[in-house]
Amino acid sequence: MARPREFDEAAVLDAAIEKFWQRGYEATSVRDLADEMNIAGASLYNAFGDKRSLYARALNRYLDQTFRERINRIEPKLPPRDAIVAFLQEIVKRSLTDKQRRGCMLVNSAIESAPYDAEFLDIVAAFLDEVERFFLRCVSNGQRDGTITKAHSAEDLSKSLLGILLGIRVLARVRPERKLLEGLLRPVVELLDSAPSVRRRRSRYATPIRA
C-alpha cells in the first residue's frame, strides 16, 4: 500500500516555480529544488518524476496563476477593447513591481529552454496561441461593436498585440522603467482606435494606469 504524501503538492510546486523563476531551468539543480521545496530528493522524484517533468508542471502552474487567471478574470467583465487595454496595463504594473527582475517565466523559458527541448517548445507555443486567441476574440468582438478599428484585420491586430506583450516582458527585465513601458501602451490604444469610424469611448482604461 502506497504511503500518503507528507507535503502539500500545490505549495511545493509554488516553491519550485520560485526557484526555476529565479535561476532558470539549467542553473537549478535537483538539490536546489529539494531544498527550496523542503522535501527529500527521493520524494521529489516519486511525486514529480525528473527535473524536466517538474519544470513542465511548474511552468503550467505559473501560467495558470498569471496569464490564464488574468484572462479569465478580465475577459468576461469588460468590453473587448477595455479588456485588451486592462490586460496589458496589468502586465506593465506587474513588471514595474518585479524588484528582482525575474522577468516572465514563460518568456525566460522561450529563450532558454524551448529552442532545445520539444516538450518545452510545445508548452510555450501552445500558450502563446492561447494568448493570441484571447486577443483575436477581443478584437473581433470590438470590431463588431464598433469600438475597435477595422483598418486592420482582426488576425493582424491580434498578432501585433502578442508581439507587443512579449516586447514588454523582455524589456521589463532589463529596463523596468515606467516611462518606457507605459510609453509602449499609448500607441497600442491609438492603434485600436486608429480609424475615423471608431468613436473613442472614455473609460477608466482609456490611458495607462499609475501603479
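This is a predicted model: local features need pLDDT of at least 70, side-chain atom pairs count only at pLDDT 80 or more; totals for chains, interfaces and linings use all residues.

Reader: Why is Asn108 called buried?

Author: Buried means under 20% relative accessible area. Asn108 has 15%, so Asn108 is buried.

Reader: What makes the link between Asn108 and Arg173 a polar contact?

Author: The cut-off for the N or O atoms is 3.5 Å, and the side chains of Asn108 and Arg173 are joined at 2.8 Å. Leaving aside residues up to four places away in sequence, Asn108 also touches Trp21, Arg102, Gly103 and Ser113.

Reader: How do you know that α5 is largely enclosed by the rest of the structure?

Author: Of its 17 residues, 14 are buried, so α5 counts as largely enclosed. Helix α5 covers residues 80-96 and reaches 25 Å from first C-alpha to last, close to the expected 24 Å.

Reader: Which residues touch the most other members of the largest nonpolar core?

Author: Met37 and Phe87 do, in a core of 61 residues. Helix α4, residues 51-74, gives the most to this core, with 10 residues. Among the residues Phe87 touches are Phe67, Ile71, Phe134 and Leu165.

Reader: What does the UniProt record say about residues 29-48?

Author: The unreviewed UniProt entry annotates them as "DNA-binding region"; such annotations may be inferred rather than shown by experiment. In the model, this stretch is 80% helix and 0% strand, with its end C-alpha atoms 14 Å apart.

Key
Residues are numbered from 1 along each chain as its sequence is written. Side-chain values use heavy atoms; hydrogens and water are left out. Helices (H or I, at least four residues) and strands (E, at least two) are DSSP runs, numbered from the N terminus. The expected span of a helix is 1.5 Å times one less than its number of residues. Buried means under 20% relative accessible area, exposed over 50%, partly exposed in between (1.4 Å probe, protein chains only). A nonpolar core is a set of buried Ala, Val, Leu, Ile, Met, Phe, Trp, Tyr and Cys residues joined through side-chain atoms within 4.5 Å. Contact means heavy atoms within 4.5 Å. A polar contact is a pair of N or O atoms within 3.5 Å; within protein, one must be able to donate a hydrogen and the other to accept it, and residues adjacent in sequence count only if both atoms are side-chain atoms.
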